[in-house]
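Here is a short report on one protein model and its ligands. Start with the sequence and the structure.

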Amino acid sequence: SDYAEQLKAEIRTLLQQKNAVLVAHYYTDPVIQALAEETGGCISDSLEMARFGRDAEQKTLLVAGVKFMGETAKILSPEKTVIMPTLEATCSLDLGCPVEQFSAFCDAHPDHTVVVYANTSAAVKARADWVVTSSIALEIVEHLDSQGKKIIWGPDRHLGAYIQKETGAEMLMWDGECIVHDEFSAQALEKAKHLHPDAAVLVHPESPASVVEMADAVGSTSQLIKAATELPNNKFIVATDKGIFYKMQQLAPNKEFIEAPTAGNGATCKSCAHCPWMAMNGLEAMRDALLDHDGREVFVNDDLRQRALVPLDRMLGFAA
Ligand code: CIZ
Ligand code: SF4
């Protein structure tokens, strides 16, 4: 619409004026992803977002995603100003892992190495030995297991179960889940496969094990995008947030991407394959954040920041 075009023009100008860069997640609105690409920002998964923000020359990072992504950016770049379209965009994994309870769980098993998913608060990261994202979790747990370490894993139980199955590592699980991926249904997927017998099934490991078992490729967002370009199929059923279709379609314009079905329908599912918190990122809020940081700037207490940096740097060092 005209209004969207006007907002985009304002954002382009403001990014330049404020020496800011747009760092967007694959699950945000395609309009935002396209704008990030066009303005020299990035579209990526949470690991790449963290790296990109840390290495960016600009003084201000406009992070379109959810709260933990803004916090991670601030932890890695305390000298930068980190703003978000809204500070209300959270994540069911972060919400389901309050630091008091999680710390008590860790305290009860002091002989375990604490590995937490990036989708957590700065306080939970500060309690951890390692932070991981889905694109590197498997390698890091494999590494720890080879050293004979017993692991506390939090907060996504589906991703944890998948990693445990793949690595055979000894893992104690926190009981959390992503409301988007938890809703994919093996039964409904079975029907979709009958309708599209030539389609390959791509699944993010935050999905239930019964869905993961049906996958032709399992992996993080960036790994699924890679699979969509590399597998010979012309059709894909995709079990992750539908925001990812933007990049898949761009890299494989002649292929067809179909949403994996959720257990509920439009009336009953909580997310229907699109994260409600990612959806809170909009053009107007981005423009407003660039105009006035007040209430949209991310701050992390310095003591917490320094403690959370240790396991984050461990991950980035491992990934390097
Ligand atoms: O589900 C998420 O929020 C993901 C996939 C985050 C990430 O690692 O990019
Ligand atoms: Fe959290 Fe799931 Fe939304 Fe990602 S998609 S931010 S894991 S609720």
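## Terms and model

Domain bounds, as used below, come from an automatic or database domain assignment. A residue is near a molecule if its C-beta atom, placed from the backbone, lies within 6 Å of it. The model is predicted.

## Overall fold

The protein chain has 15 helices and twelve strands. Its C-alpha atoms fill a box of roughly 50 × 50 × 35 Å, taken along the principal axes. The radius of gyration is 19 Å; a compact globule of 320 residues would have one near 20 Å, so the chain agrees with that expectation.

Of the 320 residues, 49% count as buried. Take the contacts in the chain with a separation of 6 or more: residues 24 or more positions apart account for 63% of them.

## Domains

The chain is divided into domain 1 (2-90 + 278-300), domain 2 (93-173) and domain 3 (181-265). The C-alpha centres of domain 2 and domain 3 lie 26 Å apart. The contact between them takes eight residues from domain 2 and eleven residues from domain 3. On the domain 2 side, three nonpolar, four polar and one charged residues touch domain 3.

## Ligand 1

Which residues are around ligand 1? They are Asp45, Ser46, Asn119, Thr133, Ser134, Cys178, Glu206, Ser220 and Thr221. By class, this shell has one nonpolar, six polar and two charged residues. Domain 2 and domain 3 each supply at least three residues to the shell.

The UniProt record, an unreviewed entry, gives a "binding site" feature at His25, Ser46, Tyr117, Ala118, Asn119, Ser134, His204, Pro205, Glu206 and Thr221.

## Pro205 and Glu206

Two annotated positions sit side by side in one loop. Pro205 lies between β9 (200-203) and α11 (209-212), and Glu206 also has its place in the loop between β9 and α11.

Is Pro205 buried or exposed? It has 28 other C-beta atoms within 10 Å, and the cut-off for buried is 20 or more, so Pro205 is buried. Glu206 counts as buried too, because it has 29 C-beta neighbours inside 10 Å.

Now the contacts, leaving aside residues up to four places away in sequence. Pro205 touches Ser134, His158, Leu159, Tyr162, Val212 and Val218. Glu206 is in contact with Asp156, His158, Leu159, Cys178 and His181.

## Ligand 2

Ligand 2 has 13 residues around it. Cys91, Ser92, Cys178, Val180 and Cys275 come nearest. The shell has ten nonpolar, two polar and one charged residues.

## Ala64 in strand β3

Ala64 is in strand β3 (residues 60-64). With 32 other C-beta atoms within 10 Å, Ala64 is buried. Beyond its neighbours within four places in sequence, Ala64 is in contact with Leu22, Ala24, His25, Thr28, Ile32, Pro85, Asn281 and Met286.

How many residues apart in sequence are Ala64 and Met280? The separation is 216 residues, while their C-alpha atoms are 9.2 Å apart in space.

Notes
Residues are numbered from 1 along each chain as its sequence is written. Chains are lettered from A and ligands numbered from 1 in the order in which they are written. This is a predicted model: local features need pLDDT of at least 70, side-chain atom pairs count only at pLDDT 80 or more; totals for chains, interfaces and linings use all residues. UniProt positions are given in the numbering used here, feature names are shortened, and annotations may be inferred rather than shown by experiment. Helices (H or I, at least four residues) and strands (E, at least two) are DSSP runs, numbered from the N terminus. A residue is buried if 20 or more other C-beta atoms lie within 10 Å of its own, exposed if 12 or fewer, and partly exposed in between; C-beta atoms are placed from the backbone. Two residues are in contact if their C-beta atoms, placed from the backbone, lie within 7 Å. The radius of gyration is taken over C-alpha atoms; the globule rule is 2.2 Å times the number of residues to the power 0.38. Ala, Val, Leu, Ile, Met, Phe, Trp, Tyr, Cys and Pro count as nonpolar, Asp, Glu, Lys and Arg as charged, and the others, Gly among them, as polar.
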